[in-house]
Amino acid sequence: MKKTVLIILFLVTSVFADINWVEDIDDAYEVAAQENKQVMVMLSREGCSACDYMKGIVFKDTKFSSRFNKGLIAVHIDIHKDFMPDGLEFFATPTFYFLDADEKILHRINGAHNSKDFSEELELFNFLK
Amino acid sequence: MKKFIIMLLSSVIFLGAVDFLMPDEAFKPHAILNQDMEIEASVEIAQDIYLYSEKVTLEIISDNGVTIKNLISPKSVDHHGDQAYLKSPAFIVELQRDTDIVGKQTVVLKLSYQGCSEQGLCYEPLSKEYSFEVDTLALSVKAEKAKVKTEELLTDERLIKATEKTPVPQERSESDAIADTIGSGNIALILATFFGFGLLLAMTPCVFPMIPIISGLIISQGEGITMRKAFMLSLVYVLAMAVAYTIAGVLAGLFGANLQAALQTPWVIYSFSFVFVALAFSMFGFYELKLPDSFVSKVSSASHGSGYVGIAIMGFLSALIVGPCVAAPLAGALVYIGQTGDAVLGGMALFSMSIGMGIPLIVVGVSAGKFMPKPGAWMTMVSAIFGVMMLGVAIWMLERVVDEYITMLLYAILGIGFAIYLGALEKGGHIFKKSVAVVLFFYSLALLMGVLGGSKSMARPLEFLKPQAVTAMIQTEASHVEFIKITSIKELDDILAKNKGKKVMLDFYADWCTACKELEEVTFANADVKVKMDEFVLIKADVTANGEDEKALSKKYGVFGPPALIFFDENSEVQKAKTIIGFIEPKPFLEHLSKL
């Protein structure tokens with residue numbers, strides 16, 4: 001049932017130009033395993049303008065988000081409010097981690113980047129489809 | 001795996017173009033103690049790094065009587081909608097000590113900051129602590145009032161010079177500002193300012209009830225009153241009033257008590273109403289009101305007779321009972337007296353203010369004497385009008401202690417009686433007089449019917465005849481936030497606790513407070529104000545009873561008497577600077593609310 005809801009949510013949200021966010025990291029691994037995708041964890045916090053730039057501009061870019069959604073599931077962790085999974089280090093926000101469905105870290109990106117640089121970086125790892 | 005490593009390498013090369021600084025490279029905080037025992041602090045920021053100005057804080061975390069007196073900060077600029085420092089900001093922290101602190105003290109400064117990189121990275125809030133051995137001998141003694149965080153935005157050039165360090169005024173309430181005026185200016189200026197405040201106060205309803213009293217008293221002196229005597233009598237009245245205000249004010253300031261509440265007990269009101277009724281009947285010519293001759297001869301030495309003593313007593317009492325009005329200037333003087341204990345200067349200010357308040361009364365008194373018509377039929381008419389006004393004042397005072405329907409009934413009877421006296425039911429008479437009489441008669445009749453029909457509005461006594469309209473009105477009013485009534489600190493704290501995260505307005509109110517009624521009926525009743533007030537949790541502190549609980553409540557918020565509006569922010573912190581004392585018109589009130 002939970003999965004069905006998630007998938008419906010997933011389908012509904014993919015209509016809009018945004019990357020697909022799931023509520024928590026466990027859901028992210030679950031969906032990733034099911035759909036053979038990787039997980040992007042975004043570490044951010046309130047009042048972080050660079051984070052807002054990523055969420056409000058880069059991830060809202062239709063061309064970017066459609067490619068992103070084919071290969072990745074996104075989850076957001078507020079470093080002050082949410083539970084921090086082990087092994088995800090950061091010295092500033094935003095920090096992005098890319099992991100596979102087995103929770104293994106594949107890559108890390110520090111800071112915000114424009115959609116061109118960010119896409120090129122993700123293409124190197126075949127995260128974007 | 002091998003492929004992965006190659007990929008990682010290439011990515012490092014790729015994003016290596018954007019080389020983010022680690023936090024300790026991006027921000028380099030410094031703080032030193034200079035020879036003047038001031039702390040010079042700065043945060044050196046690297047290329048493309050900026051700091052949010054509101055996230056840069058300097059605080060003294062040691063608790064040994066050394067505190068921040070003044071903080072001089074550089075001017076921040078607008079950066080993507082936030083106030084930020086784009087260049088390394090430098091601060092000067094001026095220190096002060098408590099009176100009982102001596103010798104060297106270890107002072108710990110905590111410098112906190114948070115910023116971002118233009119390249120797209122926001123750092124975590126960071127802070128660093130610095131310890132200094134401060135020689136407290138070089139520090140100024142902390143003023144009576146604690147100055148909380150003060151920030152003045154100075155231009156960079158001025159900061160670099162840093163030679164002219166102007167003390168920064170804390171954002172404060174009007175009455176505090178007025179209290180400071182007394183503390184700083186020269187005496188003549190203070191007295192003139194307060195005289196001006198008094199003149200302004202004379203335009204408020206506080207003084208209106210005194211107009212019929214003074215005119216009545218002058219008129220009652222009888223025929224042949226000279227202008228000089230009328231002036232002297234008015235002056236005596238005003239002086240007595242001023243003395244009463246001053247004495248009550250000084251005592252209230254020194255003891256922090258609610259200024260008028262003590263005199264608003266029912267028996268005082270009843271007796272004073274009775275005095276007015278007696279005065280009125282003397283106006284009607286039933287008898288001549290005089291103090292006993294023996295008493296008069298003891299008090300008054302020369303030829304001036306009973307007039308002066310009587311009028312002085314009336315002036316003294318009316319200040320306390322008839323026109324109790326707390327407004328910002330009065331509260332300011334009281335705050336000053338309370339804080340400094342300087343009763344002389346504060347008292348002089350109060351006296352000056354009361355004289356200002358009394359000037360219009362003197363004008364009224366003198367003209368009452370001057371324009372008094374020649375003896376004849378008119379004379380009785382004028383006396384009768386003032387007699388009726390006296391009775392009106394008596395009823396008006398009773399409003400504070402008896403039910404509305406009783407006072408309405410009394411007004412109705414008074415109106416009908418006066419209308420009949422004016423000849424409403426007789427044939428003939430002057431057209432003007434007749435019209436006034438008839439209108440008064442019908443209004444009073446309507447009022448009487450209103451009382452019997454259960455209406456409570458003097459303006460719309462016949463409202464009960466339109467039940468539908470009444471329901472409709474109740475419905476529209478119900479859609480607005482209602483005041484929650486409280487009388488103690490505990491009740492208030494409970495409500496505040498329940499409403500965390502909401503803005504709260506606390507209204508100090510008492511039944512006997514004229515300005516409070518005006519505030520309710522004019523300002524709070526305004527449609528726009530009602531809508532705006534819905535954003536607030538509205539609490540009404542009823543201090544009518546003035547028992548222990550009410551006194552404690554008033555004292556906690558530094559309220560000398562109602563009306564006073566205290567505002568709390570979302571964290572239930574009092575916004576002292578936003579306090580309103582006294583009546584305020586709807587428009588400025590609306591602007592005030594918008595700034596909260």
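This is a predicted model: local features need pLDDT of at least 70, side-chain atom pairs count only at pLDDT 80 or more; totals for chains, interfaces and linings use all residues.
Modeller: Residues are numbered from 1 along each chain as its sequence is written, with chains lettered from A and ligands numbered from 1 in the order in which they are written.

Colleague: How much area do chain B and chain A bury between them?

Modeller: Contact means heavy atoms within 4.5 Å, and 23 residues of chain B are in contact with 25 residues of chain A. Buried area is the accessible area (1.4 Å probe) lost by two parts on being put together, summed over both. Carbon and sulfur atoms carry 63% of a total of about 1,900 Å².

Colleague: Which side chains meet in a salt bridge?

Modeller: A salt bridge is a side-chain nitrogen of Lys or Arg within 4 Å of a carboxyl oxygen of Asp or Glu. Across the interface of chain B and chain A the rule finds one. At 3.0 Å, N to O, the pair is A:R45 and B:E124.

Colleague: Which element supplies the largest share of the side of chain B that touches chain A?

Modeller: Helices (H or I, at least four residues) and strands (E, at least two) are DSSP runs, numbered from the N terminus. On that side of chain B, α1 (2–15), β3 (49–52) and β11 (121–123) each supply at least two residues. The largest share, seven residues, comes from α1(B).

Colleague: Which residue of β11(B) is the bridge partner of A:A92?

Modeller: Two strands pair if DSSP finds at least two bridges between them. Strand β4 (residues 92–93) of chain A pairs with β11(B) in the antiparallel sense over two bridges. The partner of A:A92 is B:Y123.

Colleague: Which strands of chain A stand at the edges of the open sheet?

Modeller: The sheet has five strands in the order β1-β3-β2-β5-β6 (chain A), with mixed pairing. An edge strand here has a single partner strand, so one side of it is left without a neighbour in the sheet. These strands are β1 (21–22) and β6 (105–110).

Colleague: In β6(A), which residue is the bridge partner of A:Y97?

Modeller: Strand β5 (residues 95–99) of chain A and β6(A) run antiparallel, joined by five bridges. The partner of A:Y97 is A:R108.

Conventions:
Side-chain values use heavy atoms; hydrogens and water are left out.
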